[in-house]
Amino acid sequence: MIYLDSAATTLQKPPEVFRAVACAMHRATTPGRGGHRAAQLAAELAFRCREQACQLFGMNDPEQVVFTMNATHALNLAIHSVVRPGDTVIVSGFEHNAVTRPLAALDGVTVRVAQGALFQPRTLLCQMERLLEQGAQAVVCTHVSNVFGYILPMDEIARLCRRAGVPLIVDASQSAGCVPVDMSRWQAAFVAMPGHKGLYGPQGTGLLLCGGPTRPLLFGGTGSHSRESTMPDFLPDRLEAGTHNIPGIAGLLAGLRFVQRVGVERIGAHEQRLIRLMVRRLERIPGVQVFAAPEDSGLQSGVLSLRLRARECEQVAEELGRLGFAVRAGMHCAPAAHRTAGTLDTGTVRLSVSAFTTEQEVLAACRALARMAEK
Amino acid sequence: MPYYLITCRSLTYAQRTARVLERVGIRARVQRAPASVAEEGCGYCVRLAERDLKQAVQQLSAAELPVRHIYAVQPDGSLREVFL
């Protein structure tokens with residue numbers, strides 16, 4: 001199988017990730033629950049993972065790094081911490097349901113969309129600035145669209161939020177590991193990310209980088225302040241009730257180290273090069289519509305959406321699957337992004353790459369699509 | 001030999017404290033706090049040798065990691081709070 005669905009979950013992981021998970025399952029228990037060797041090893045793994053995240057994402061306090069189940073969990077925590085019923089929240093037109101649904105679940109929250117067409121960062125920024133002037137209690141914004149790979153101008157968005165004094169929550173689901181994510185530069189209230197995509201950790205892991213006040217969603221044991229009936233008022237304990245996923249965290253640590261060693265810029269450049277290669281091949285095939293950023297604009301990560309004329313996206317993905325290519329079709333849990341790009345009625349076929357994807361693999365996918373387009 | 005315990009609000013805080021000290025060559029071990037000093041129940045502390053205490057406190061102050069309580073552990077195991 002040629003795997004081109006890394007935007008959902010990276011399948012190929014560095015071998016050390018598998019070893020770390022297995023080793024932790026054999027030798028480590030849970031941090032903060034005992035003083036024995038197995039608990040100490042778990043504690044050390046968790047702390048090293050927090051330290052590694054700090055190094056990679058421009059933070060200096062490991063206590064501000066919270067382990068979550070995934071990015072959705074992290075985003076729910078962030079939104080629950082910042083947004084109150086009746087608030088006004090600004091989002092981009094490319095948000096995932098992991099952002100839009102938690103906002104919709106809060107009573108009386110007004111969501112304003114900073115509209116800007118696909119790969120048009122200037123219009124998005126103008127809209128964002130205008131909406132901020134009208135007043136809002138929070139901005140929640142994806143860093144990279146999971147449907148189109150569009151890299152949103154987060155440095156500028158963060159600057160606008162700082163100027164307006166509005167807390168910023170960044171969904172770094174598609175950027176962590178392949179586009180620079182820098183908490184200190186953004187001074188964001190929160191940055192949420194999964195462990196199982198560009199950080200090459202196992203499924204069931206995620207990180208919430210905290211820069212603002214927090215409110216727990218889950219209540220329970222933390223191994224600290226145990227006589228109290230309320231959650232501790234300090235991080236990470238405040239947001240980490242219950243037993244940790246230590247095998248997952250050990251794998252995530254190995255994944256983070258891999259990303260640090262190879263380099264975010266290098267991984268990102270590799271992925272962008274593969275996408276450009278696909279775009280050049282596919283855009284000259286009649287009947288194939290690719291959603292590509294202008295060449296050399298640096299606006300597209302390792303994700304490419306496309307449609308084939310007169311073919312349903314699900315049908316295309318199924319046929320590619322039969323030919324041995326793993327891709328994803330449909331809404332990609334982000335109807336807002338499709339609404340913005342005008343693909344809500346059809347969805348798209350999404351091809352997404354990772355540090356382990358090769359040129360040969362993407363060229364093979366292009367040949368398969370070319371043959372399908374001829375039919 | 002008597003040694004010292006610096007109590008910490010959480011395991012992660014204790015680990016952070018120990019890391020700062022280890023970076024300047026001070027041997028620091030994270031361990032569970034004795035019940036008598038874990039005020040809110042279940043606590044962690046950092047264990048230090050007697051000779052390292054003064055420098056440790058200076059380093060932690062420089063790193064903006066406030067020290068809550070310091071206890072001297074006597075050879076008979078009894079604890080005495082130390083105020084610097």
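## Close-up views of a predicted model

**View 1. The open sheet of chain A.** Seven strands of chain A form an open sheet with mixed pairing. Their order is β2-β8-β7-β6-β5-β3-β4. The edges are strand β2 (65–68) and strand β4 (110–114) of chain A, and each of these pairs on one side only. From one strand to the next, the twist averages 20 degrees. The model shown in this and the other views is predicted.

**View 2. Strands β3 and β4 of chain A.** Strand β3 of chain A covers residues 88–92. Five bridges join β3(A) to β4(A). The two strands run parallel. Within this pairing, Ile90(A) has Arg112(A) in β4(A) as its bridge partner.

**View 3. Helices α5 and α6 of chain A.** Helix α5 (residues 121–134) of chain A packs with helix α6 (residues 154–164) of chain A. Their axes lie 10 Å apart, at an angle of about 15 degrees. That angle is under 35 degrees, so α5(A) and α6(A) are roughly parallel to each other. Their crossing is right-handed.

**View 4. Residues between α5(A) and α6(A).** From α5(A) come Leu125(A), Met128(A), Glu129(A) and Leu132(A). They meet Glu156(A), Ile157(A), Leu160(A) and Ala164(A) in α6(A). By class, the residues of this contact are six nonpolar, no polar and two charged.

**View 5. Where chain A touches chain B.** Here 17 residues of chain A are in contact with 13 residues of chain B. The chain A side of this contact has seven nonpolar, six polar and four charged residues.

Notes:
Residues numbered from 1 in each chain as written. Chains lettered and ligands numbered in written order. Predicted model: local features only at pLDDT ≥ 70, side-chain atom pairs only at ≥ 80, totals over all residues. Contact = placed C-beta atoms within 7 Å. Nonpolar A, V, L, I, M, F, W, Y, C, P; charged D, E, K, R; others polar. Pairing = 2+ DSSP bridges. Helix = DSSP H or I, 4+ residues; strand = E, 2+ residues; numbered from the N terminus. Axes fitted to C-alpha atoms, helices over the stretch in contact; angles between N-to-C directions. Parallel < 35°, antiparallel > 145°, perpendicular 65-115°, else oblique. Left-handed = near helix turned anticlockwise from the far one by under 90°.
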